[in-house]
Amino acid sequence: MLYIVEVVKVKNRIKIYIMLAYTGTLYSKILKRVLKNKYVHVSIAMDKELKKLYSFGRKNPTSMFPCGFVNENIENITSVFSKAECQIFELEITKEEYNKLENKINEFKIRELEYGYNILGLIPLNFNIKLNRKKHFVCSQFIGYLLQEAGIYDFKKSYSLIKPKDIKEMDNLNKIYEGKMKNVLV
């Protein structure tokens, strides 16, 4: 029996970007030591220019508090942390996945003030103890939540257990840059 398999190239694929960062703050130095990974902060960008760059972190680069859902600005970050380093990955997704992702991010933007930084979740996270705190995230939990909810990637565990290294180890990520964050602006 002869089977004919038709290979169809998926049209309308879109690239999103994931940035892992290390700023050198006291907090990031502690996380680097605890997580045993240099890059301890993760963000997701909906555009190549990284203007639509979202995460959970400092609302103002000069102060650790307040923190929560943020639309990050690389220029603002590098003006305070000139030695910040990053890795940037691209990930190709379908138009449908992109739309779901964008809708999820829009939900966060609309209700930005309802969300907080999951500082209490850091301890259980480091011991791989599941603790879902409603409307509270650290950066990696937020990115993991978005990717799972949009059907882009299944980490096979609760988003509350997702660390930056889990994001970095995703299949189909293509590293396009590693170095000083300020050079991304060039």
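This briefing covers aromatic pairs and salt bridges in the structure above. The model is predicted. The count comes to 18 aromatic pairs. The structure also holds 10 salt bridges.

**Aromatic pairs**

- F56 and F142 form a tilted aromatic pair. Their ring centres are 5.0 Å apart, with 55 degrees between the planes.
- F56 belongs to strand 3 (residues 53-60) and F142 to helix 5 (residues 139-149), so this pair ties together parts that are 86 residues apart in sequence.
- Both F56 and F142 are buried.
- Y153 and F155 make an edge-to-face pair, because their planes stand at 65 degrees and the cut-off for that class is over 60. Their ring centres lie 4.7 Å apart.
- F155 counts as buried, because its relative accessibility is 10% and the limit is under 20%.

**Aromatic cluster**

- One aromatic cluster is formed by Y54, F56, F69, F108, Y115, F137, F142, Y145 and Y159.

- K104 and E107 form a salt bridge, with the closest N and O atoms 3.8 Å apart.
- Both residues sit in helix 3 (residues 95-110). They are three residues apart, so about one helical turn separates E107 from K104.
- K104 is buried, at 17% relative accessible area. E107 is partly exposed, at 35% relative accessibility.
- K104 and E107 also join E149 in a network of salt bridges.

**Salt bridge between two loops**

- E114 and K135 meet through their side chains in a salt bridge, at 2.5 Å from N to O.
- E114 lies in the loop between helix 3 and strand 6 (116-117). K135 lies in the loop between helix 4 (122-126) and strand 7 (136-137).
- The pair therefore ties together parts that are 21 residues apart in sequence.
- E114 counts as partly exposed at 41% relative accessibility. K135 also counts as partly exposed, at 28%.

**Salt bridge of D154 and K156**

- D154 forms a salt bridge with K156. The closest N and O atoms are 3.8 Å apart.
- D154 is partly exposed, with a relative accessibility of 48%.
- K156 is exposed, because its relative accessible area is 70% and the cut-off is over 50%.

How values were computed:
Residues numbered from 1 in each chain as written. Predicted model: local features only at pLDDT ≥ 70, side-chain atom pairs only at ≥ 80, totals over all residues. Heavy atoms only, no water. Phe/Tyr/Trp six-rings, centres within 6.5 Å; stacked < 30°, edge-to-face > 60°. Helix = DSSP H or I, 4+ residues; strand = E, 2+ residues; numbered from the N terminus. Buried < 20%, exposed > 50% of the residue type's maximum accessible area, 1.4 Å probe, protein only. Salt bridge = Lys/Arg side-chain N within 4 Å of Asp/Glu carboxyl O.
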